Amino acid sequence: MTTICDLILRLAWSLLLAPLLPGIINKVKAWVACRRGPPVLQLYYDLAKLWNKGVVLSTLASPGFVIAPAVAWAALAGAALLMPLGPLGSAVSFRGDVLLLIYLLALARFCTAWAAMETGSAFEGMGSAREVSYAVLTEAAMIAAVLSLSVQTDSVTLVTMLTPSAGPGAVLLAAGLFTVLLAENCRVPFDDPNTHLELTMIHEAMILDHSGPPLAAILHGASLKLLLFSVLLVQAVLPMKEMSQLGAAGALAAGVLTVTVGVGLIESLLARLAFRRVPLLLTTAFLLCVFALLVAWKEVAK
Amino acid sequence: MTPGPLLLLASAALITSLAVGAWWSRMWLALIATAASAGLGAALRVLLGGGDWEWRSGFLPGGEPLHLRLDSLSAVFLVLVSVAGAAGAVYAREYWSERQYPASAPRGRAWWSVLLLSMGLVLTVSNGLHFLIAWEIFAIAGYFLVTLDNQRSAVRSAGWLYLAASHAGTMCLFAFFASLAGRTGSWDLGPMREQTNLAPLFWLALFGFGVKAGFFPLHIWLPSAHANAPSHVSAIMSGVAIKMGVYGIIRFSGWLPVPPAAGWVVIGLGAASALLGITFALAQNDFKRLLAYCSVENVGVILIGVGAALLAVTHGDAVWGRLALAGALLHVWNHGAFKSLLFFGAGSVLHATGTREMSRLGGLWRAMPWTAGLFALGSLAVAGLPPLNGFVSEWLVYLGLFDAVASKEPSAWAALPAAVMLAMAGAMAMAGFAKAGAMIFLGAPRTAATEHAHECGNWMLGPMLALAGVCVAIGLAPVLFWPAVARAVEAWHPAWNTAETTAPLVTLGTAQVMLAILFLAAVAWLWRKAHTDNLRRGPTWDCGYAMPTARMQYTSAPFAGITSGWFHWLLLPERKMRKPRGLFPEDSLRLERVPETVLERIIGPVGTAIMLASTTARRLQHGRLQFYILYVVAGWFALEFLVLSGGAR
């Protein structure tokens with residue numbers, strides 16, 4: 001019973017907190033541009049509004065148009081359950097859970113791409129083609145990052161993997177994972193969530209035809225994914241084990257906030273990359289993770 | 001009942017079905033079902049702990065005593081043959097019906113029986129000579145099934161290519177079994193790991209069986225044969241027949257000693273097949289070719305597991321080898337299930353529309369909702385996504401690779417790139433099947449080909465539902481299937497005790513079940529929330545464009561364009577383009593074809609060169625006697641010269 005309570009509490013925690021992150025990013029962007037910007041809680045208002053709206057379905061869309069966002073959202077929620085939270089550890093933890101986490105993210109991606117193709121719109125086809133293609137490189141970078149953590153800690157379980165000691169590898173890993181975070185969450189310089197040029201978008205292009213509750217599920221899922229990646233990045237890099245309980249919790253929160261602010265700053269200061277350059281940057285992220293792996297290897301071999 | 005009588009029943013049923021198949025299709029189906037259940041029963045009996053079954057007879061076919069054996073390794077493959085064989089037979093009843101194909105349907109039934117019988121024999125005979133005979137019958141049965149529709153020239157040339165490639169492999173197997181018999185003094189097969197002088201023979205076996213297994217670059221025959229065969233044949237060829245090659249590699253790497261480099265080579269070939277196979281798959285426009293290339297990828301995944309196991313054996317019997325091999329063996333089942341399902345789905349689409357070009361299809365979900373749903377499920381499984389079966393086996397292989405990396409032995413340097421390539425292949429499989437499913441079933445119909453589409457009948461849906469059930473069952477309750485796979489791993493390398501293996505399958509299964517429940521709950525919730533009075537239907541918004549047409553949809557080539565661009569050096573696409581000209585352009589055209597690079601750019605030119613050389617050499621033979629006398633005299637003089645100059649001692 002306590003496990004179930006624990007699970008529900010954790011899920012509620014991440015689900016409630018997730019929409020805060022895009023709000024912070026937008027606030028940072030507004031601050032850099034000397035604007036007042038939307039309120040930090042804007043996404044909550046949007047989600048509440050969308051949830052109570054009706055749905056407009058394309059005449060071409062199959063039931064999958066509603067099913068896929070639901071499965072994608074549930075897959076991300078499942079991934080959130082697997083993710084350990086600093087001093088709290090993890091609710092569900094077993095050997096190899098890190099692979100389940102990565103593949104749940106992939107499932108969410110498959111579902112979003114599938115739903116995008118439902119409407120027969122060229123823009124959405126373009127968006128999902130980009131999404132699934134760039135995922136090939138981010139997946140490689142993710143596995144390389146996970147391998148480096150696994151080499152460092154001799155484990156394939158998230159809870160133990162995410163407690164490494166800080167080292168030279170951590171910097172490389174942080175850079176690599178941060179780039180993966182930007183790509184996976186469709187932020188600048190890979191994609192611009194604010195653009196209105198459909199030809200240049202990835203994630204936003206995929207969800208052009210969604211409306212009402214399914215759109216709310218997609219938007220909430222996207223914010224959840226951002227939270228997941230920031231938590232993963234912070235825990236992979238910071239030596240949580242060496243801190244006190246409270247200190248670790250504080251470090252985790254501060255880390256997530258730093259990552260979010262960092263995303264906002266990058267978004268304000270950088271321009272979006274040309275699409276043909278995206279694979280180059282992703283390959284760089286992959287190489288960073290591979291170097292982190294080699295460094296970890298060398299540390300352990302000593 | 002012990003496996004013996006069950007196998008006897010199965011073979012008797014198959015031989016009877018061969019006799020009655022031509023004119024009594026109901027009886028044939030009943031007999032195939034009997035044979036499949038008997039074969040399945042025998043295999044399960046061995047797998048669930050009934051012990052190995054062995055039978056020697058004084059009967060001497062071909063001068064060698066008959067020796068049959070069913071151990072847990074061959075039983076794993078026998079399960080696959082039985083399940084997929086029965087499913088394909090049921091599917092064919094409607095798909096390749098008597099009414100539509102009065103000439104080839106009876107022939108197809110007869111060869112189907114032969115194929116199942118010969119695959120069963122390949123799995124059970126324990127004598128090199130008989131193995132070769134069974135292997136040859138199996139190859140020929142495959143040829144006649146692939147060329148059932150022999151009115152079409154594409155089918156005939158695919159069949160020839162299959163036959164030629166298959167025999168190139170068989171030639172190596174002849175050499176393999178003959179040298180094995182020469183070195184051991186007997187054709188009898190069985191464990192002989194102590195005779196280290198047999199190790200180099202592994203390379204012959206790897207090539208010989210590898211042609212059948214279809215790993216890169218020996219896959220040249222596979223795409224055209226699997227794409228042009230009738231879909232139930234594609235299903236069994238892709239799901240089961242190529243596994244016979246895998247069986248050969250696993251079987252003889254277990255029975256015979258292997259050279260130290262074997263693990264490195266096999267894991268390398270596996271990783272290359274996984275990545276390059278799916279690269280080719282993603283670039284295809286023909287959905288059956290896509291599925292065929294995807295088989296190359298899956299054989300790659302299996303070989304990664306086998307290679308890791310071989311590495312583990314040569315590096316001190318490490319525990320992680322067991323996980324990797326278990327993953328590979330489970331993937332044999334999984335691939336058999338979801339690939340047969342997908343080929344059946346592809347067959348239904350082909351049956352309904354008459355085209356294999358994805359760019360001519362679209363919007364089929366309306367006419368074929370069941371096929372669309374089942375194809376989507378198969379796509380999720382083949383992309384290795386939770387909570388289905390593909391994830392479980394890939395997860396086991398990953399665990400093996402991760403443990404190999406964590407061991408920090410030299411073998412980690414093989415496991416590292418293999419894990420990364422496996423991840424990339426997984427992501428590309430996801431892209432490929434998002435594309436296939438979306439192009440065929442979603443959006444608006446692109447051409448008139450889909451106008452008369454209709455859902456397939458119960459005879460075709462039934463086997464698809466059954467295979468989908470297998471995919472879900474292995475995904476949700478992997479622990480039920482573990483004992484069988486673990487026993488096969490022990491049969492491969494008896495020194496291994498799989499009890500030590502640490503794969504928390506119970507927890508994984510529970511997590512998968514919980515996830516499935518979570519998915520269903522989320523779907524139900526969102527569905528109810530969306531389908532209220534507030535639901536409106538309208539044309540696709542598409543950024544407000546007022547007159548969208550079906551031709552404006554994304555098609556298969558641009559969808560794969562980004563990844564195909566990365567692998568341009570390998571895919572070498574051929575493009576033909578006629579641009580629109582003038583104020584009132586008439587016809588413009590852009591064609592793109594992805595050739596089978598290994599076949600058309602390497603083997604093709606080499607073959608042409610050999611033919612050219614032979615044609616040149618043939619000029620020496622022209623039928624003019626005086627020149628022949630001249631050859632003899634010249635040869636005589638040359639010999640004289642050789643002898644006189646002291647060259648020949």
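Predicted model: local features only at pLDDT ≥ 70, side-chain atom pairs only at ≥ 80, totals over all residues.

Analyst: B:Pro387 sits in the loop of chain B that runs between α13 (369-382) and α14 (389-407). As a rule, most peptide bonds are trans.

Chain A has a cis bond to set beside this one. There the bond runs from A:Val188 to A:Pro189, with omega near 10°. A:Pro189 is likewise in a loop, the one between α8 (168-184) and α9 (203-206) of chain A.

Two further loop positions stand out by phi. Most residues other than glycine have a negative phi. A:Cys34, which is not a glycine, has a positive phi near 55°. Its loop joins α2 (20-32) and α3 (42-51) of chain A. A:Cys34 counts as exposed because it has 7 C-beta neighbours inside 10 Å, and 12 or fewer is the limit for that class. A:Asp154 is also not a glycine, and its phi is positive at about 60°. A:Asp154 belongs to the loop between α6 and α7 (158-161) of chain A. With 14 C-beta neighbours inside 10 Å, A:Asp154 is classed as partly exposed.

A:Phe110 counts as buried because 30 C-beta neighbours lie inside 10 Å, where 20 or more is the requirement. Leaving aside residues up to four places away in sequence, A:Phe110 touches B:Leu380, B:Ala383, B:Leu385, B:Met430 and B:Ala434. Within chain A, A:Phe110 and A:Leu228 are 118 residues apart along the chain, and their C-alpha atoms are separated by 18 Å.

The contact as a whole draws 65 residues from chain A and 65 residues from chain B. On the chain A side, the elements that give two or more residues are β1 (56-58), α4 (64-82), α5, α6 (122-153), α10 (212-237) and α12 (278-301). Of these, α6(A) provides the largest share, with 18 residues. By class, the chain A side divides into 44 nonpolar, 14 polar and 7 charged residues.

The C-alpha trace of chain A spans about 60 × 50 × 40 Å along its principal axes. Its radius of gyration is 19 Å, which agrees with the value near 19 Å for a compact globule of 302 residues. Of the 302 residues, 61% count as buried. Among contacts in chain A with a separation of 6 or more, 79% are between residues 24 or more positions apart.

Packed helices are described by the angle between their axes and the distance between the axes. Helices α11 (residues 287-314) and α12 (residues 320-353) of chain B pack at about 170°, with 7 Å between their axes. The two helices, α11(B) and α12(B), are therefore roughly antiparallel, since angles over 145 degrees fall in that class. The contact of α11(B) with α12(B) has 18 nonpolar, 7 polar and 2 charged residues.

The other arrangement is a strand pair. Strand β4 of chain B (residues 574-578) pairs with strand β5 of chain B (residues 589-593) in the antiparallel sense, over 5 bridges. B:Leu591 in β5(B) is the bridge partner of B:Lys576. The number of buried residues among the 5 of β4(B) is 0, so this strand lies largely in the open.

Methods. Residues numbered from 1 in each chain as written. Chains lettered and ligands numbered in written order. Contact = placed C-beta atoms within 7 Å. Helix = DSSP H or I, 4+ residues; strand = E, 2+ residues; numbered from the N terminus. Nonpolar A, V, L, I, M, F, W, Y, C, P; charged D, E, K, R; others polar. Rg over C-alpha atoms; globule rule 2.2 N^0.38 Å. Axes fitted to C-alpha atoms, helices over the stretch in contact; angles between N-to-C directions. Parallel < 35°, antiparallel > 145°, perpendicular 65-115°, else oblique. Pairing = 2+ DSSP bridges.
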